[in-house]
Amino acid sequence: ARIDSLPQSWAVLAGGTNQDRIRRAMDSAEEILVRPREGVVLLLTPPFDSSTPHPGYIQGYPPGTRENGGQYTHAAIWLAQARARMGMGALAVRLLQMINPAERAKDPPGVAAYRGEPYAVAADVSGSPLRMGASGWTWYTGSAGWMYRVWIEDVLGFHLRGDRLYMRPEIPDEWSTGELTFRFRSSVYRISLERVSAGRTCRIECDGKRVERGGLKLRDDGTDHRVVVRIGVDDDSTSHDHPDPNEMPIAN
């Protein structure tokens, strides 16, 4: 247990202020715990085996299994969420795609290694050399909900607070467009993300009118509304038109 991803990602999610140490922590987690060739994002390494003093129940799992040095998917997703909140959307997407079971089942070798359903997030994925990349428990994890939230809120930037919508997309620079459809009571909001240039500032328009500070006030009027979020616009008048995600509740 030389390094564990939880304190690395939660240095970001908890709103730590020492940015140099936070970057170093996250870079270390990326370098040591993320294994792209094997397709796993480990919780910790090296795993416990015959440690003294005994660390408790975690050592009851074989090395590389579940919490004992495998991919514990909750923690893997928090690592992606932390990258998104650092403004590193491309790294967040890379991690989420590694975790996504559909990505693990795109060809016969992937199916043979993963051994799980392509439509159900696995609670854990083995980091053991004997079962490297094999899924553990599926249909049995809250990390499926976390994955959905990180994609929608932290990558696509959709933040709903009561009847106000804030958009803070952190999509990779090479993504030119994205779309979301959201039903608010009797109304439907069709949201388009359009990258104008590299950068994180954005301008929001609803039904052709610019949204000023304070977020988009949602209306329950039974009609369809068109929202356009232009990313990379050289105009920061709305770039802080939403709360910092680190100041938002991360769970309901």
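Helices α3 and α4 cross in a left-handed sense. This is a predicted model. Helix α3 covers residues 73-85 and helix α4 residues 89-99. Their axes come within 7 Å and cross at roughly 160°. That angle is over 145 degrees, which makes α3 roughly antiparallel to α4.

Which residues of α3 meet α4? They are Thr73, Ala76, Ile77, Leu79, Ala80, Arg83 and Ala84. On the α4 side, the partners are Leu91, Ala92, Leu95, Leu96 and Ile99. The residues of this contact divide into ten nonpolar, one polar and one charged.

Helix α3 also meets helix α1, which spans residues 5-13. This crossing is left-handed. From α1, the contact draws on Ser5, Leu6, Ser9, Trp10, Val12 and Leu13. From α3, it takes in Ala75, Trp78, Leu79, Gln81, Ala82 and Arg85. Here the residues divide into eight nonpolar, three polar and one charged. Leu79 of α3 is listed in the contact with α4 and in the contact with α1.

| Helix pair | Axes come within | Crossing angle |
|---|---|---|
| α3 and α4 | 7 Å | roughly 160° |
| α1 and α3 | 9 Å | roughly 35° |

Now the strands. Strand β9 runs over residues 177-184. In a regular strand the side chains alternate between the two faces of the sheet.

What does β9 pair with? Its partner is strand β10, residues 187-195. The pairing is antiparallel and runs over eight bridges. Within this pairing, Thr181 stands opposite Arg190 of β10. The two strands form a hairpin, with two residues between them. Arg185 lies in the turn and has a positive phi of about 55°.

Another group of strands forms an open sheet. Three strands make up this sheet, in the order β7-β8-β13, with antiparallel pairing. Which strands sit at the edges? They are β7 (158-161) and β13 (216-217), each pairing on one side only. Strand β8 covers residues 164-167 and pairs with β13 over two bridges. Arg164 stands opposite Lys217 in β13.

Methods. Residues numbered from 1 in each chain as written. Predicted model: local features only at pLDDT ≥ 70, side-chain atom pairs only at ≥ 80, totals over all residues. Heavy atoms only, no water. Pairing = 2+ DSSP bridges. Helix = DSSP H or I, 4+ residues; strand = E, 2+ residues; numbered from the N terminus. Buried < 20%, exposed > 50% of the residue type's maximum accessible area, 1.4 Å probe, protein only. Axes fitted to C-alpha atoms, helices over the stretch in contact; angles between N-to-C directions. Parallel < 35°, antiparallel > 145°, perpendicular 65-115°, else oblique. Left-handed = near helix turned anticlockwise from the far one by under 90°. Contact = heavy atoms within 4.5 Å. Nonpolar A, V, L, I, M, F, W, Y, C, P; charged D, E, K, R; others polar.
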